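Please read it alongside the sequence and the structure shown here.

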Amino acid sequence: MSLVESSVQFLFVALSVASVYLLVALGLSIVFGSLQFVNMAHGALYLIGAYVGLIVGFQVGFGGLIDRYGLAPLGLDLGFLAALVVTPIVVFVGGIAMERFLAKPLYDRPLLDQLLVTFGILLIFQEGFNLVFGRTGFNYARPDWASGPILIPAVGSVSRWRIYVVVLALVFLAILFAFYKYTDYGLAVRAGTEDTEMTELLGIRIGRPFLLIFAIGAAYAGLAGILGGSLFGVNAGMGFSNIIPALVIVIMGGVGSIKGTTVGALLAGFVFAAVTQVWPSMATASIYALAIVVLTIRPSGIYPTGRVGQ
Amino acid sequence: MSTETTEGSEETTDDEPASSALETWDRIKHTERFVLVSAVVFVAVFPWVFTSLPLIPNDLLAYDQLARLVLIWGIFALGFNHLLGQTGLLSFGHAMFFGGSAYATALFANNVVADPFLSVVVGVCFALVLAVVTPFILLRLHTVYFAIVTLAIAQMLYYMAREPFEGITGGINGLGVERSPLFGLVELGADIPGIFGALWGTYMYLFIAAFFVAVVVFITRVRKSPYGLIFKAVRENETRASFVGLDVWRYKFAAFVISGFIAGIAGGLLPMETYFTGVERLHWTLSGDVVMMTVLGGLGTVAGPILGVIVFLYFEGVVNGLDVIGGYWLLTLALAFTAVVWKYPDGLWGMITSVSSRLRSRRGDQ
């Protein structure tokens, strides 16, 4: 394998890992930054996304309660593309419900309470999914157009799916960025992040833009659930095993900053991929080590936003 | 008419000794001596109540080892509570003290001397080292940052114990632990003869109970001292505490070290009890468990965390084994935990005390 080919492969492994974390971390970071709400239950949205994707796209022989009541195999079997389209919409609705019933009552509570309540909620989802769908893991059967290598002239072969993951993440990052920067709703959210009270005094109803941004973040997490599920497999523990690195990335990058979160996710992706090459067992640990180093040097993250964490 | 008045007067005369008894109760229930006595009484009767209370079906009773585990986890939860409940710092990485101490204890017992007491002391020393070093990174950080980075450090240790140091720690297979008689005299696995055996089971229970009572007394001493009040001041308002001229960093550091020290005692006792230690004792889910236990029982009190441990381990060890509902034990606990942090921050113990104070205020109204 030539140096070019292996480095391009390395690049795409790093970028695809970064993409999954980025899609989860974006929603987390914006909600944390603008609403001062730290939401571990965001991991539940990732978890829901992965399972909704499975049910929409395939027929899966689930265990647990579904099996006991004779409902397995369960699923709509609409194919992988349908899952990619439908899941973010379903989780978007789930995000709206979560904002109304979980986040809103907790906005005025201290961060510590929010962290503990949402930790409990995620635990409920994890254990609930274990009971309903069984404790085994599942896999995404990707169709031909999304699997196998792709040949790039003069470079070599790269996993086709990893390229799609990276492209998808870039597209969605661009959409969010454009929404944030160029729409009135985005402006309202940015203003609300700077000073919620002042924005409301100016006659802007800040509740609805915040709800929208929360639900968009949720939809991204749902999409990440499919992407992550297809790369690392699906099980009920995936919510926790993703939300913790995602939180680490958000805090490392600087809470509430899209730029910071992107940089954090890229750093984590590259460190993860690099350590995987030489020392696979320490790959996950390397993200934590990175965060410890970064936060020791910059206790408020790489791009501090000032208000949170002070 | 006349009967009514006599009834009324009778009531007041009846009430007098009762209310003075209540006053005496109020006076003594916050003294340290009372805490010591009740800890000893609790330790003395708890295993019997927990494992062989009459009239309770056998399925619903716990087993001997669970009683010992309750005391060990009780120590751990008290240590954790000292940080979150007293000082207001949420650590999601307390497994590092627990698991670190467990490994240090196990390695000392296997390679140097298998004496239970000495091994636990070595384990605690290791936990202390961790608790002294880590705050230099951690205490620059606030709330969520602090919680996540404690978790990150603990997870680092977990992954390190799992593979790079597999040769020492046994990796995912864990490590068997030796235990010799205490000071070469008392075999801790032996049954206590006579009625005490029926109450407490083996000498191991007494060994753990001694640590438990010592920890309760120590924690109470700290809580009641002017020094302990400063922890509370830091929890309530850090900025104000520093305006008064207190060095907040120093007190947070002290709280962290005390908390790690106590968690280390629990971590050291566990391999002595189970003859085993494994990497899962460093994993963050264990930190999550202790958060759940402490918050569920009631933060900031001595009885609360212990109640939380009893409920948690009862569900894990007993309810888990029941037919039909057994599989739902963790879901039930998660629901209860979430409800408690959301709506009832004082926890189960807070519910009990508020019911009793409501009863008393109703008495007072009449």
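A residue counts as buried if 20 or more other C-beta atoms lie within 10 Å of its own, with C-beta atoms placed from the backbone. The model under discussion is a predicted one.

**Helix α7 of chain A**

- In helix α7 of chain A, which spans residues 184-194, the buried residues are Ala188(A), Val189(A), Gly192(A) and Thr193(A).
- An α-helix has 3.6 residues a turn, so residues three or four places apart point the same way.
- The cover over the buried residues of α7(A) includes α1 (3-35), α6 (160-182), α8 (196-201) and α9 (207-232) of chain A.

**Overall form of chain B**

- Chain B has a secondary structure of 17 helices and 2 strands.
- With a radius of gyration of 23 Å, close to the 21 Å that the globule rule gives for 366 residues, chain B is as compact as a globular protein of that length.
- Along the principal axes, the C-alpha atoms of chain B fill a box of roughly 90 × 60 × 45 Å, and 46% of its 366 residues count as buried.

**Contact between the chains**

- Chain A contributes 31 residues to the contact, and chain B contributes 31 residues.
- On the side of chain A that touches chain B, α5 (111-133), α10 (238-253) and α12 (283-297) each supply at least two residues, and α5(A) gives the most, with 13 residues.
- That side of chain A comprises 22 nonpolar, 7 polar and 2 charged residues.

How values were computed:
Residues numbered from 1 in each chain as written. Chains lettered and ligands numbered in written order. Predicted model: local features only at pLDDT ≥ 70, side-chain atom pairs only at ≥ 80, totals over all residues. Contact = placed C-beta atoms within 7 Å. Helix = DSSP H or I, 4+ residues; strand = E, 2+ residues; numbered from the N terminus. Nonpolar A, V, L, I, M, F, W, Y, C, P; charged D, E, K, R; others polar. Rg over C-alpha atoms; globule rule 2.2 N^0.38 Å. Buried ≥ 20, exposed ≤ 12 C-beta atoms within 10 Å, placed from the backbone.
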